[in-house]
Amino acid sequence: MRIKTFATFASLGLLLACQADEAPAPDAATQAAGHTIVGTTEPWASDAIYFVLTDRFVDGDPANNFEDQGKDIGDGSWHTFNRHFDGPEGRSANVGYMGGDFKGLLEHAQFIKDMGFTAIWMTPIIDNPDAAFNGGDPVGYNQWGDGGKTGFHGYWGVNFYQLDEHLPSADLDYRALNDALKSQYGLKTVLDIVGNHGSPSYTAPEQISNFGKLFDKQGNLVADHQNLHPEQLDDNNRLHDFFNRKPDVAQLSDFNENNPAVVDYLVGSYLQWIDQGADAIRIDTIKHVPHHFWKTVSDRIRAEHPGFFLFGESWNYDANFIAEHTQPENGGVSVLDFPLQQAMFAMFGKEQAPYTRAQDALHLDTGIYHNVYELVTFYDNHDVQRLDAEDSGFIDANNFLFTVRGIPQVYYGSEMGFERGMKEHQGSRNYYGTENIARAERHPIHTALTRVANLRRTLPALQRGVQVNIEFTEHTAAFLRVIQTEETQQTALVLLNKGGAPAQFSINTLLNEGQWHEPLSGEQHRLTQSLEASVAPHDLRVFVFDGPLTNTALLAQLNH
């Protein structure tokens, strides 16, 4: 394989700084001794995130299911539990609560940890309406709308300071859950927050339950949309002060980000849950609120919790657009990497696009992100279609996800191809449960995922190392991950094969001469700056060198 030319690394946002007490060196090898080479020092770069819709994971406590909730409204058609839709070929979807809760999550934390994950992202934990929505466009199997849907997902907050009653148990609130996950399993948690909207708030024949309302920490009503179109809201009604006078997403109430009371309300709620143990924040619909709002929010959070990590969902495939959120003047919020997700979906799904599709999406040398190594990477989630792949496609996707730059995130069930290819109202958010977890533990996707995720967990180079691409072809990819700090000096060579036949790799430059090893097999290799290797179909090999860089060609590239 020939070696591709690399662009200037100064634009990557990596830390490549000469130590202050070192004099300029006459050659590249000497010069590198005075440099730190690392993609990012962000602690979260060492983590891997498992994402669950808490209500759809495992029902650990039937006592909090509230199966009769909403049945006392009208003819009972607005009940919240188990709102089932049949689809073709035995398929189904559900837009009601299905029982998943904190206890079910905690009882299966070992399952998550064993796969190699170090953090759990849960959908919003805040209180949602106590009925199905009686307005909007009707929902059904593969039929989009909010009419008849519930807040099982957590994104329709009516009290941002109160837990949704379907999640905690008598002996397990949010603080206790976080304490147990950390102390017993070493797992962090990601708090999912909303800043632009509340619950569906207009178009209903009549306002029912707590739709359109907002309550404070003491349970006092502070805002009420009163089932009015945004343009009908009254400037003289204090209950309308929290809302904008324009529609935005569906029939959701749209918060007025310029109202200081709104900012105080939301930031106060975020800080409350951080104080109860949340380790990071994921921001829903970040692009629907101006940058100045998130700058204020992030500044206020970090004033109390310095360096706190936040990442947002800016659902857009234009990297230049989503990169704006990552800039310090806009709040310094990382983002979910939708451009790379789009490439991964093409490379590993039915399209089977070539590995070259990833090169532009990686943005290793464009400098548009504040730090490309802090992006949260994924191939599917609760909003986009689940990966439409064979088992081998999931295995290939995970091998790529856990070795390239970024912080990997996997959606619940992907460890066994759960509801593969399905969209939101086709079952992509269906209930998982203990039976599927038992199946997953015997599944080949799970086996391969566990191998590569735990590999990443042990190698700093795969977590925080600078990525240097060697060559991407139709079915293969070869690249280096390099970290050189005072504490850690490691280089990892990653060889990926997503093809159906063995692939031969010939690497003849950029490798340190010396002893390399393969953590997955335990094999040792004495290399003289070149390597001939074969990689099995739908597999990977990772070669690791522990020590300082001595390869002058690689040093020249890194110091360019």
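Two strands pair if DSSP finds at least two bridges between them. In this predicted model, strand β14 (residues 280-284) and strand β15 (residues 309-312) meet that condition, with 4 bridges in the parallel sense. Both strands belong to an open sheet of 8 strands with parallel pairing.

- Strand β3 (residues 49-52) pairs with strand β18 (residues 407-411) in the parallel sense through 3 bridges, and I49 stands opposite Q409 of β18.

**Strand β14 and its neighbours**
- Strand β9 (residues 188-194) runs parallel to β14 and is joined to it by 5 bridges; V190 has A280 in β14 as its bridge partner.
- On the β15 strand, L310 is the bridge partner of I281.
- From β14 the chain passes through helix α6 (residues 291-304) to reach β15, a right-handed β-α-β crossover.
- Helix α5 (residues 260-275) lies across β9 and β14, at about 165° to β9.
- In β14, 5 of the 5 residues are buried, so the strand is largely enclosed by the rest of the structure.
- A280, R282 and D284 point one way from β14, while I281 and I283 point the other way. In a regular strand, side chains alternate between the two faces of the sheet.

**Aromatic pairs**
- The count of aromatic pairs is 33.
- In one of them, the ring centres of F160 and Y265 are 5.8 Å apart with the planes at 65°; angles over 60 degrees count as edge-to-face, so this pair is edge-to-face.
- F160 lies in strand β8 (residues 159-163) and Y265 in helix α5, so the pair links parts of the chain 105 residues apart. Both F160 and Y265 are buried.
- F338 and F378 also form an edge-to-face pair, because their planes stand at 85°, with centres 5.1 Å apart.
- F338 is in helix α8 (residues 338-348) and F378 is in the loop between β17 and α10 (391-401), 40 residues apart.
- Relative accessible area is 0% for F338, which is therefore buried; F378, at 0% relative accessibility, is buried too.

**Charges over rings**
- The charged end of R386 sits over the ring of Y412, 5.0 Å from the ring centre.
- The charged end of K498 sits over the ring of Y355, 5.8 Å from the ring centre.

Technical notes
Residues numbered from 1 in each chain as written. Predicted model: local features only at pLDDT ≥ 70, side-chain atom pairs only at ≥ 80, totals over all residues. Heavy atoms only, no water. Buried < 20%, exposed > 50% of the residue type's maximum accessible area, 1.4 Å probe, protein only. Helix = DSSP H or I, 4+ residues; strand = E, 2+ residues; numbered from the N terminus. Right-handed = clockwise from strand over helix to strand, strands pointing away. Contact = heavy atoms within 4.5 Å. Axes fitted to C-alpha atoms, helices over the stretch in contact; angles between N-to-C directions. Phe/Tyr/Trp six-rings, centres within 6.5 Å; stacked < 30°, edge-to-face > 60°. Lys NZ or Arg CZ within 6 Å of the ring centre and 35° of its normal.
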